[in-house]
Amino acid sequence: VQLQAFGGGSVQAGGSLRLSCAASGRTLSRYTVAWFRQAPGKEREFVARIRRSGSGSGTYYVDSVKGRFTISRDNAKNTVYLQMNSLKFEDTAVYSCAVAERHVAGLQSRASEYDYWGQGTQVTVSS
């Protein structure tokens, strides 16, 4: 599967961006998809994930983005989105999307639980 993440950019604190993760070679609705981010000098961090369509277990977010970020999918476009509102300086990072071949019970928030990765897209928030 090939993943392409795009939609990053530069925005002032309080602003919004929507990231997109488009796939080829897989139907994303059948898989758990996640967003991770990595800031300079920091380890990669889980941001959000969405379960495969119809699984019922929905979405999960890291605490620092709850209430501000929303992960969703458009099955017709084979795309997963990350809507980011009320952006903060500390949200600055390279954001990457990832797909898991297997459903892992629990949070499924570890990078090792994902098999395919897209290239990152830079998000820069100025304070």
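Colleague: Where is the place of Arg-110?

Modeller: Look between the strands. In this predicted model, Arg-110 sits in the loop between strand 9 (93-100) and strand 10 (116-117).

Colleague: Is Arg-110 buried or exposed?

Modeller: Exposed means over 50% relative accessible area. Arg-110 has 55%, so Arg-110 is exposed.

Colleague: How far apart are Arg-110 and Arg-44 in space?

Modeller: Read the sequence gap and the spatial gap together. Arg-110 and Arg-44 are 66 residues apart in sequence. Their C-alpha atoms are 9.7 Å apart.

Colleague: Now a strand residue. Which strand holds Val-33?

Modeller: Val-33 belongs to strand 4 (residues 32-38).

Colleague: Why does Val-33 count as buried?

Modeller: Buried means under 20% relative accessible area. Val-33 counts as buried because its relative accessibility is 0%.

Colleague: Which residues does Val-33 touch?

Modeller: Set aside residues up to four places away in sequence. Val-33 then touches Leu-28, Ala-48, Arg-49, Ile-50, Ile-71, Arg-73, Val-80, Ala-98, Val-99 and Tyr-114. Take Ala-48 from that list. Val-33 and Ala-48 are 15 residues apart along the chain, with 8.5 Å between their C-alpha atoms.

Colleague: Next, disulfides. How many does a search of the whole structure find?

Modeller: A disulfide is a covalent bond between the sulfur atoms of two cysteines. The search of the whole structure finds 1 disulfide. This disulfide joins Cys-21 to Cys-97, with S to S at 2.1 Å. The pair links distant parts of the chain, 76 residues apart. Cys-21 is in strand 3 (residues 17-24), and Cys-97 is in strand 9.

Colleague: Why is the disulfide of Cys-21 and Cys-97 right-handed?

Modeller: Read the torsion about the S-S bond. For Cys-21 and Cys-97 that torsion is about 70 degrees, so the disulfide is right-handed.

Colleague: Is Cys-21 buried or exposed?

Modeller: Cys-21 counts as buried, at 0% relative accessibility. Cys-97 is buried too, with a relative accessible area of 0%.

Colleague: Take a loop residue. What is Ser-29 in contact with?

Modeller: Ser-29 lies in the loop between strand 3 and strand 4. Leaving aside neighbours within four places in sequence, Ser-29 is in contact with Arg-52, Ser-53, Arg-73, Asn-75 and Asn-78. Ser-29 counts as buried, at 16% relative accessibility.

Colleague: Asn-78 is on that list. What is phi of Asn-78?

Modeller: Phi of Asn-78 is near 50 degrees, a positive value in a residue other than glycine. Asn-78 is found in the loop between strand 7 (69-74) and strand 8 (79-84). At 17% relative accessibility, Asn-78 counts as buried.

Colleague: And what is phi of Gln-108?

Modeller: Phi of Gln-108 is near 50 degrees, again positive in a residue other than glycine. Gln-108 lies in the loop between strand 9 and strand 10. Its relative accessible area is 2%, so Gln-108 is buried.

Colleague: On to aromatics. How many aromatic pairs are there?

Modeller: A pair of aromatic rings is described by the distance of the centres and the angle of the planes. The count here comes to 4 aromatic pairs. One of them is Phe-36 with Phe-46, edge-to-face, at 5.6 Å centre to centre and 80 degrees between the planes. Phe-36 lies in strand 4 and Phe-46 in strand 5 (residues 45-50), so the pair ties together parts that are 10 residues apart in sequence. Phe-36 is buried, with a relative accessible area of 2%. Phe-46 is buried, with 9%.

Colleague: What is the geometry between Phe-36 and Tyr-114?

Modeller: This aromatic pair is edge-to-face, with 5.5 Å centre to centre and 75 degrees between the planes. Tyr-114 lies in the loop between strand 9 and strand 10 and Phe-36 in strand 4, so the pair ties together parts that are 78 residues apart in sequence. Both Phe-36 and Tyr-114 are buried.

Colleague: Which residues form the aromatic cluster?

Modeller: Phe-36, Phe-46, Tyr-60, Tyr-114 and Trp-117 form one cluster.

Colleague: Last, pockets. How many residues line the largest pocket?

Modeller: Read volume, lining and class in turn. The largest pocket holds about 160 Å³ of space. Its lining has 13 residues. Arg-37, Lys-42, Glu-45, Glu-90 and Asp-91 lie nearest the centre. By class, the lining has 8 charged, 3 polar and 2 nonpolar residues.

Note on methods:
Residues are numbered from 1 along each chain as its sequence is written. This is a predicted model: local features need pLDDT of at least 70, side-chain atom pairs count only at pLDDT 80 or more; totals for chains, interfaces and linings use all residues. Side-chain values use heavy atoms; hydrogens and water are left out. Helices (H or I, at least four residues) and strands (E, at least two) are DSSP runs, numbered from the N terminus. Buried means under 20% relative accessible area, exposed over 50%, partly exposed in between (1.4 Å probe, protein chains only). Contact means heavy atoms within 4.5 Å. A disulfide is a pair of cysteine sulfur atoms within 2.5 Å. On a 1 Å grid over the protein atoms alone, a cavity is a set of points where a 1.4 Å probe fits but cannot get out, and a pocket is an open set with protein on both sides within 12 Å along at least five of seven lines; lining residues have an atom within 4 Å of a point. Grid points are joined across faces, edges and corners, and a volume is the space filled by probe spheres set on the points. Ala, Val, Leu, Ile, Met, Phe, Trp, Tyr, Cys and Pro count as nonpolar, Asp, Glu, Lys and Arg as charged, and the others, Gly among them, as polar. Rings of Phe, Tyr and Trp (its six-membered ring) pair if their centres lie within 6.5 Å; planes under 30 degrees apart count as stacked, over 60 as edge-to-face and the rest as tilted.
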